[in-house]
Amino acid sequence: MFVKSVALNNYRNYGNLELDTSNRVNIFVGRNAQGKTNLLEAIFVMALTKSHRTSRDKELIGWETDHARIKASVDRKYGTCQLELNISKQGKKAKVNGLEQQKLSGFIGALNVVMFAPEDLEIVKGAPGIRRRFLDMEIGQVQPSYLYHLQQYQKVLVQRNNLLKQMWNTASKQSDTMLDIFNEQLVVNGVKIVKKRKQYLKKLQVWAEQIHAGITDGRESLLVKYAPSFTAEEDDDADAVVFEQFMLKLTQMKDQEVRRGMTLVGPHRDDLTFYINDKEVQTYGSQGQQRTTALSLKLAEIELMHEEIGEYPVLLLDDVLSELDTFRQTQLIETFQSKVQTFITTTGIEGINTSKLQDASMFHVENGQVMR
């Protein structure tokens, strides 16, 4: 998969930009707040129709304008694909080769990316939400139906939370009936989300373990486990079993949830745990082990996506190389050098081992302008 060109119109601090990105490695250099991350974000938005930095689409639209447009020409194994995403206050419209897509889910997957940003180094030690977001973004790219169930789940979650808040003051038979309806809707979509996440992690585990062993010369064995919020027993992936476990936990937690006015169990509360040589990395791992774990997961994502779709994704490295020591940076560069097209942002190339880079093109970014 190869992004040959990118064009932006009224996207954040870019007025009009047309960029030839036909090199295997594209490096964007500039001071902070000049537009480097905005450029990578635009490619990310083109892939997933949403930003990794904000949930408010209006922030993507340039100042004093009412719409933004991203266009890209992408080489896939079955031919060149022309992609276009228009963003306005009325919503988003996507086109593939000039044909408007009825649903955005039909557009997702036309371009696949893996993003590695400084906040991803927090996948291991950071808040559970970072780990859930990591899962949701990657699964959603290769299985668009996952995003549908995730959106349905989040919609019901908001409605259920509003009802729980009302029930604290005005509990009634009618509200109990409504809660039962929301419970079933929540569980139906929640079961599908949990099942997809577990299936994805099983495959990711295979690659992550292998890559981590390679980075540590076989001294460390990495294990990734899904930690659901509504069962502590050994995993059973049968839909009926997960459904019963989730529904039972909601029943048990009802009084507490009404008191707190929020849903306390479900995929939105699930987490991941990491073990190196049987020791939990979040608690007992060194900073180096935590960073190696994050790097192993990102490199595993690239391989897993290749396994799922038959092509390597485009890799977006947002100011992250300078955050890695020389050894981990070399591991990352050697991985992407021969396999994937890569976009890199940095404030300076001093911290990057450029001797390892081949077929690279450098761009200077200043105040929304990009120059070779």
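**Questions on sheet, cores and fold**

User: What makes β4 and β5 a pair?
Analyst: This is a predicted model. In it, 10 bridges link β4 to β5, in the antiparallel sense. Pairing takes at least two bridges, so with 10 bridges β4 and β5 count as a pair. A hairpin of two residues leads from β4 to β5.

User: How many bridges join β5 to β6?
Analyst: Six, and the two strands run antiparallel. Here too the requirement is at least two bridges, so six bridges qualify β5 and β6 as a pair. Glu84 stands opposite Lys95 in β6.

User: How do you know that β6 and β7 pair?
Analyst: There are two bridges between strand β6 (residues 91-96) and β7, in the antiparallel sense. The cut-off is at least two, so β6 and β7 meet it. Lys95 stands opposite Glu100 in β7.

User: In what order do the strands of the open sheet lie?
Analyst: The order is β2-β1-β4-β5-β6-β7, six strands with antiparallel pairing.

User: Why do β2 and β7 stand at the edges?
Analyst: Each has a single partner strand, so β2 (14-20) and β7 (99-100) are each left with one side that has no neighbour in the sheet.

User: What makes helix α1 a helix that packs on the sheet?
Analyst: Helix α1 (residues 36-48) touches β1 (2-11), β2, β4 (67-76) and β5 (79-88). The direction of α1 makes about 110 degrees with that of β1.

User: Why is Phe134 called buried?
Analyst: The relative accessible area of Phe134 is 2%. Buried means under 20%, so Phe134 is buried. Phe134 lies in helix α2 (residues 128-142). Setting aside residues up to four places away in sequence, Phe134 touches Ile123, Leu204, Leu272, Leu297, Lys298 and Glu301.

User: Which residues touch the most other members of the largest nonpolar core?
Analyst: Phe274, Leu317, Leu332 and Phe336, in a core of 69 residues. Helix α4 (residues 173-215) supplies the largest share of this core, 13 residues. Another core, of 42 residues, lies apart from it and includes Leu8, Leu39, Ile61 and Val365.

User: What is Phe336 in contact with?
Analyst: Beyond its neighbours within four places in sequence, Phe336 contacts Val25, Leu315, Leu317, Thr342, Ile344 and Leu357.

User: How many helices and strands does the protein chain have?
Analyst: Eight helices and 15 strands.

User: What share of the protein chain counts as buried?
Analyst: Of the 372 residues, 52% do. The cut-off is under 20% relative accessible area.

User: What share of contacts join residues at least 24 apart?
Analyst: The share is 69%, among contacts between residues at least 6 apart in sequence.

Definitions and conventions. Residues numbered from 1 in each chain as written. Predicted model: local features only at pLDDT ≥ 70, side-chain atom pairs only at ≥ 80, totals over all residues. Heavy atoms only, no water. Core = buried A, V, L, I, M, F, W, Y, C linked by side-chain atoms within 4.5 Å. Buried < 20%, exposed > 50% of the residue type's maximum accessible area, 1.4 Å probe, protein only. Helix = DSSP H or I, 4+ residues; strand = E, 2+ residues; numbered from the N terminus. Contact = heavy atoms within 4.5 Å. Axes fitted to C-alpha atoms, helices over the stretch in contact; angles between N-to-C directions.
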